[in-house]
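The sequence and structure are shown below.

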Amino acid sequence: MKILKSRFVVTLLTVITVFGLESPVLNTRADGEAVPKMNEYDPIYVETHSLLEDRLEEYLRQEESKKASAKSVAEEYAAKDLESQNRKEEIYNEIQERKPKKTFIGSYELTAYIATGNPCASGVYPTCNHTVACNSLPLGTKVYIEGYGEYVVEDTGGMAGNVIDVFVSDYSTAINFGRRVADVYVIQ
């Protein structure tokens with residue numbers, strides 16, 4: 001706050017001195033007598049003017065330095081922000097490239113089945129959260145069932161059309177599963 005006050009006073013005195021403004025209050029002594037106006041040949045005027053110009057130049061240099069510093073900081077942050085955005089974009093693109101490609105094949109009716117003790121049509125034993133049976137998709141096809149996850153067609157069954165039978169662990173889970181409909185995607 002003191003710096004602002006002193007800067008204001010310096011600026012005010014500079015303006016008054018440089019432009020030669022007169023103020024009745026400033027040009028009056030305590031006893032009411034008028035103070036003689038200074039001129040450019042008066043040593044006090046010359047010294048005051050010189051000091052004020054020096055202070056003004058110093059103040060302007062400091063302000064310019066602050067602006068340059070602020071500008072360089074802003075440019076630095078802008079460069080870092082741009083670098084960060086580019087890196088985010090690179091990571092996103094890498095993730096998209098690594099992600100398996102999914103092709104929508106339609107809405108399928110989902111049912112559930114349990115183990116019979118026999119291997120699947122593909123020759124492997126069924127596994128929960130992995131095996132599904134479907135007659136309309138070739139064995140070994142990886143599918144993504146929206147809301148349920150990724151599965152592999154490892155079995156066939158008595159179902160027709162767009163029906164997928166999801167392998168579950170026990171009879172009560174199969175009964176609770178009932179019949180549902182979900183969008184299905186083939187994972188490439």
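## Threonine 111

Threonine 111 lies in strand β1, which spans residues 102-113. Helices (H or I, at least four residues) and strands (E, at least two) are DSSP runs, numbered from the N terminus. With a relative accessibility of 13%, threonine 111 counts as buried, a class defined by a relative accessible area under 20%, where exposed means over 50% and partly exposed lies in between (1.4 Å probe, protein chains only).

The side chain of threonine 111 forms a polar contact of 2.6 Å with the side chain of aspartate 165. A polar contact is a pair of N or O atoms within 3.5 Å; within protein, one must be able to donate a hydrogen and the other to accept it, and residues adjacent in sequence count only if both atoms are side-chain atoms. Neighbours within four places in sequence aside, threonine 111 is in contact (heavy atoms within 4.5 Å) with Val163, Ile164, Asp165, Val166, Phe177, Gly178 and Arg179.

## Nonpolar cores

A nonpolar core is a set of buried Ala, Val, Leu, Ile, Met, Phe, Trp, Tyr and Cys residues joined through side-chain atoms within 4.5 Å. The largest one comprises 17 residues, and Val132, Val143, Ile145, Ile164 and Val166 have the most contacts inside it. Two or more residues each are given to this core by β1, β3 (142-145), β4 (149-155), β5 (163-167), α3 (171-177) and β6 (180-187). Strand β1 supplies the largest share, three residues.

Isoleucine 145, leaving aside neighbours within four places in sequence, is in contact with Leu110, Val132, Tyr151, Ile164, Val166, Ala182, Asp183 and Val184. Another core, of six residues, lies apart from the largest one; Cys120, Met159, Val163 and Phe167 are among its members.

## Overall architecture

The chain has three helices and six strands, arranged from the N terminus as α-α-β-β-β-β-β-α-β. Of its 188 residues, 22% count as buried. Among contacts with a separation of 6 or more, 65% join residues 24 or more positions apart.

Helix α2 (residues 43-98) contains 56 residues and reaches 81 Å from its first C-alpha to its last, close to the expected 82 Å (1.5 Å times one less than the number of residues). Tyr45, His49 and Leu52 are buried in α2.

## Basis of the values

Residues are numbered from 1 along each chain as its sequence is written, and side-chain values use heavy atoms, with hydrogens and water left out. In this predicted model, local features need pLDDT of at least 70 and side-chain atom pairs count only at pLDDT 80 or more, whereas totals for chains, interfaces and linings use all residues.
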